[in-house]
Amino acid sequence: MKILLVSPQTPDTFWSFKHVLRFVSKKAAFPPLGLLTVAAMLPRDWELQVVDLNVERLKDSDLRSADYVMISAMIVHQESVREVAARCAALGKPMIAGGPLFTTGHEGFPEIHHFVLAKPKK
């Protein structure tokens, strides 16, 4: 099984820290720790690839080689997620999506058929 884990691009806001990253020789302020945690829980014999859109571009070849594309996002990532979802849909690649964006608004992503949602507290 080949899994592509995609960290969406964070838009240029104050909290993205894009304006100071070059001073500290970094490409992104926050590593995709959620996706890396999920990757650690997947079977060891699966082939995993992580693409962080804050530091590199997503290539069609990356999408074509994957059996599934996993993405985790916050609400601020909505635009980037829509772009990735459209590319996956065009290539017929199934997505699995999780994170706050989908827990609160998965209905807005009909092109994504699999979600990992937080269970509401009672």
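Select Ser7: this residue is buried, at 10% relative accessible area (buried means under 20%, exposed over 50%, partly exposed in between, with a 1.4 Å probe and protein chains only). The model is predicted, so local features need pLDDT of at least 70 and side-chain atom pairs count only at pLDDT 80 or more, while totals for chains, interfaces and linings use all residues. Residues are numbered from 1 along each chain as its sequence is written, and side-chain values use heavy atoms, with hydrogens and water left out.

Next, show what surrounds Ser7. Beyond its neighbours within four places in sequence, Ser7 contacts Pro32, Leu35, Val51, Asp52, Leu53 and Asn54 (contact means heavy atoms within 4.5 Å).

Now select residues 2–7, strand S1, which includes Ser7 (strands are DSSP runs of E, at least two residues, numbered from the N terminus). Of the 6 residues of S1, 5 are buried, so the strand is largely enclosed by the rest of the structure.

S1 and S2 run parallel and are joined by 6 bridges; Leu4 stands opposite Gln49 in S2. S3, residues 68–72, is also parallel to S1, with 4 bridges, and here Val6 stands opposite Ile71.

Finally, display the whole open sheet: 5 strands, parallel pairing, order S2-S1-S3-S4-S5. S2 (47–52) and S5 (114–116) are at the edges with a single partner strand each, so one side of each has no neighbour in the sheet.

How values were computed. Two strands pair if DSSP finds at least two bridges between them.
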